[in-house]
Amino acid sequence: MLADDLDHIVVLEDDVFVSEELGAAVEDIISHSPKDFDVVKLDGVPQVCLYGKIMPVGGGRHLREVLQVSASAACYLVSRRGAERLVVESEQFCDHLDDFIFNPASGRTILQLDPAVAVQAIWSEQPNIETIGETVKTSERTQDPKINPQKSKGPVLYRLLKDLKRNARKLSRKLYRDRALLASGGLIGTPRLAADLGQYKKPF
């Protein structure tokens with residue numbers, strides 16, 4: 001992208017269903033996004049996440065800022081600024097690609113398109129899903145035992161303390177952060193899919 005002097009590119013994985021609205025959606029984002037962005041997530045995942053308030057971009061579409069790590073790097077739009085940052089920040093990192101790219105803690109401006117215009121095959125209820133090979137419909141990241149050995153959960157006391165801290169964070173979020181987010185016009189939920197993509201297969 002940078003070598004070819006491009007201002008934006010769309011990156012797609014090879015197991016993605018793409019809506020016929022993809023081209024128009026990308027044009028609307030580039031032309032009408034009210035906020036400069038590094039990355040825009042164009043695909044949807046049935047994962048409940050925290051998102052900021054609505055930013056309309058036309059065509060019945062809108063953007064929301066991604067406020068927590070979001071799964072799947074199946075289809076996304078990258079700006080020149082975003083590409084420059086990703087090149088520098090990826091010189092040394094140890095993480096799943098989607099967790100690395102869509103992590104708001106990085107300081108990058110990460111947005112989500114709604115309705116999403118792409119969805120990975122593993123999350124799709126498309127009627128022709130059965131014609132796709134198993135290696136495309138499943139994820140080796142979670143299902144291949146060779147690269148997913150069973151992890152040690154640690155000593156009992158460690159696990160108890162970890163659970164207590166996690167539950168305390170959840171309670172704090174529900175009592176304060178979630179309420180404030182919703183009051184400001186934010187969303188706790190999943191992005192919709194474009195009409196021609198059907199429905200999600202199943203939630204996390």
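This is a short tour of a predicted model, to be followed with the structure open in a viewer.

Residues are numbered from 1 along each chain as its sequence is written. Local features need pLDDT of at least 70 and side-chain atom pairs count only at pLDDT 80 or more, while totals for chains, interfaces and linings use all residues; side-chain values use heavy atoms, with hydrogens and water left out.

**The sheet**

Select the strands of the open sheet, which has 6 of them in the order β1-β7-β3-β8-β6-β5, with mixed pairing. Strands (E, at least two residues) and helices (H or I, at least four) are DSSP runs numbered from the N terminus, and two strands pair if DSSP finds at least two bridges between them. Go to the edges, β1 (8–12) and β5 (55–58), each of which pairs on one side only. From one strand to the next the twist averages 25°.

Next select residues 39–41 and 110–114: these are β3 and β8, paired in the parallel sense over 3 bridges. Within this pair, K41 stands opposite Q112 in β8.

Select I9, V11, Y76, V78, A83, L86, V87, S90, F93, L97, F100 and I101, which line the second largest pocket. A pocket is an open set of points on a 1 Å grid over the protein atoms alone, where a 1.4 Å probe fits, with protein on both sides within 12 Å along at least five of seven lines; lining residues have an atom within 4 Å of a point. The elements giving two or more residues to this lining are β1, β7, α2 and α3 (97–101).

Y76 lies in β7 and F102 in the loop between α3 and β8, so the pair ties together parts 26 residues apart in sequence.

**Two backbone stops**

Select D114 and P115, joined by a cis peptide bond with omega about 0°. P115 sits in the loop between β8 and β9 (118–120). Finish at D5, in the segment before β1: D5 has a positive phi of about 60° although it is not a glycine.

How values were computed:
Axes fitted to C-alpha atoms, helices over the stretch in contact; angles between N-to-C directions.
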